[in-house]
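Here is a set of questions and answers on one chain. Look at the sequence and the model, then read on.

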Amino acid sequence: MRKFIKTCRINAGLTQEQLAEKMGVSVVSVQNWESGKTNIEMRRYMELAAVFNVPVEKLIKEMIIEEDKKRPDLWPGFLFDDNTNAIIDTLHLNLAQQDLFGLLYIYDAEYLKKTMIDYNTLYDDLQKIPYGFIERVGSIQFMNQVDGLHKVIKYIKTDFLMKVLKQNPESEFNVKKLPKELICEFIDEGVKPTDKIALSFDDSERYEAWDDLYMRISMKKARMILPVLEKGEIHFDDGHWTNPPREDASEEELLTRGFQPDLWREGYYAKWISPYAILGGLKIVADYRPISGRKADDKWFLEINDRGRQLLEWFREK
């Protein structure tokens with residue numbers, strides 16, 4: 001916003017003193033606006049737009065963009081390895097790239113329908129973009145927009161991205177700066193898995209799933225089970241780890257595991273459930289271990305680990 005104010009003032013042929021006089025403020029106020037020390041009050045936007053001869057909507061948009069940049073980074077990077085976090089660092093869009101994504105969506109681009117990472121066919125869909133759009137932004141700039149957009153839609157499901165953009169059409173998309181609820185939804189449901197079968201296809205030059213994004217955690221499960229594990233470890237099962245969970249589990253433990261107690265007591269789960277079916281998505285925040293060695297009568301426990309405690313704190317922080 002500060003750069004925009006200065007640019008508009010210069011384009012209008014005004015000095016800081018002249019702008020201050022027209023706005024009825026001190027020169028120091030104008031200097032503070034342009035340095036970013038203070039913000040312009042919303043009530044002055046109409047007046048400022050008239051002085052600069054620009055639409056007030058443009059001023060408001062610049063203000064929103066400026067505030068958007070101040071959003072905190074909420075990404076729980078402590079859960080993931082360096083390679084995963086490096087990919088997450090690339091998952092952001094500017095407004096021009098979001099506009100291009102909207103056009104591709106409207107023109108029913110096939111690439112946006114992909115549910116898995118396999119081949120890069122985005123460039124095949126660019127033929128659907130009206131030439132007028134390309135002419136307006138310039139061909140080289142357009143290709144830069146495409147490259148930046150592709151880094152995001154390669155990994156993120158179209159429905160999730162569209163949901164976020166519709167909720168915040170004036171904000172620049174950035175996974176690391178999403179609200180925590182949306183970060184959890186992204187981790188659990190918004191990431192495209194890799195189509196491993198596609199490796200056997202002939203068109204290997206365009207295969208792009210070598211650097212896939214594997215999150216290895218279920219935030220929904222973690223949010224449910226970690227508060228229980230914080231109170232103490234859970235006696236999960238007896239004997240070998242492949243045995244089904246013990247039948248005398250408390251109702252709280254059953255609910256924590258995602259089971260319905262009534263169905264459990266009726267034996268609905270007993271024939272097919274295994275610890276791994278329950279523990280999937282929890283391995284990096286909880287430890288599953290026997291009390292001693294691998295004896296036939298060992299008691300196996302589930303307990304929260306250090307990363308699990310960090311995640312609990314992340315869930316609770318406002």
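Buried means under 20% relative accessible area, exposed over 50%, and partly exposed in between, with a 1.4 Å probe and protein chains only. The model is predicted: local features need pLDDT of at least 70, side-chain atom pairs count only at pLDDT 80 or more, and totals for chains, interfaces and linings use all residues. Residues are numbered from 1 along each chain as its sequence is written, and side-chain values use heavy atoms, with hydrogens and water left out.

Q: What percentage of the residues of the chain count as buried?
A: The chain has 318 residues. The share of them that counts as buried is 44%.

Q: How many helices and strands are there in the chain?
A: Helices (H or I, at least four residues) and strands (E, at least two) are DSSP runs, numbered from the N terminus. The chain holds 17 helices and three strands.

Q: Among contacts between residues at least 6 apart in sequence, what percentage join residues at least 24 apart?
A: Contact means heavy atoms within 4.5 Å. For the chain, the value is 66%.

Q: What is the order of the strands in the open sheet?
A: Two strands pair if DSSP finds at least two bridges between them. β1 (residues 234-238) and β3 (residues 299-304) are antiparallel over four bridges. Five bridges join β2 to β3, again antiparallel. The order is β1-β3-β2.

Q: Which strands are the edge strands of the sheet?
A: An edge strand here pairs on one side only. The twist averages 25 degrees from one strand to the next. The edge strands are β1 and β2.

Q: Which residue in β3 is the bridge partner of His 235?
A: β1 and β3 pair over four bridges. Arg 289 has its bridge partner in β3 too, and that is Phe 301. For His 235, the partner is Phe 301.

Q: Why is strand β1 largely enclosed by the rest of the structure?
A: The strand covers residues 234-238. It is largely enclosed because, of its five residues, the number buried is four.

Q: What angle does the direction of α13 make with that of β3?
A: α13 packs on the sheet and touches β1, β2 and β3. Axes are lines fitted to C-alpha atoms, for helices over the stretch in contact, and angles run from 0 to 180 degrees between N-to-C directions. The angle is about 105 degrees.

Q: How are α12 and α13 oriented to each other?
A: The axes of α12 (residues 180-190) and α13 (residues 219-231) come within 8 Å and cross at roughly 120 degrees. Angles under 35 degrees count as roughly parallel, over 145 as roughly antiparallel, 65 to 115 as roughly perpendicular and the rest as oblique. The two helices are therefore oblique.

Q: Which residues of α13 make the contact with α12?
A: α12 contributes Glu 181, Cys 184, Ile 187 and Asp 188. α13 contributes Met 219, Lys 220 and Arg 223.

Q: Where around the axis of α2 do its buried residues lie?
A: In α2 (residues 16-23), the buried residues are Gln 16, Leu 19, Ala 20 and Met 23. They span an arc of only 100 degrees around the axis, the arc being that of the directions from the helix axis to the C-beta atoms. That puts them on the same side of α2.

Q: Is Gln 97 buried or exposed?
A: Gln 97 sits in α7 (residues 95-106). Beyond its neighbours within four places in sequence, Gln 97 contacts His 92, Asn 144, Gln 145, Gly 148 and Leu 149. Its relative accessible area is 9%, so Gln 97 is buried.

Q: What is the phi of Asp 108?
A: Most residues other than glycine have a negative phi, and most peptide bonds are trans. Asp 108 lies in the loop between α7 and α8 (122-125). At 42% relative accessibility, Asp 108 is partly exposed. Its phi is positive, about 60 degrees.

Q: What distance separates the C-alpha atoms of Pro 179 and Arg 71?
A: Pro 179 is in the loop between α11 (158-167) and α12. Along the chain, Pro 179 and Arg 71 are 108 residues apart. Their C-alpha atoms are separated by 9.4 Å.
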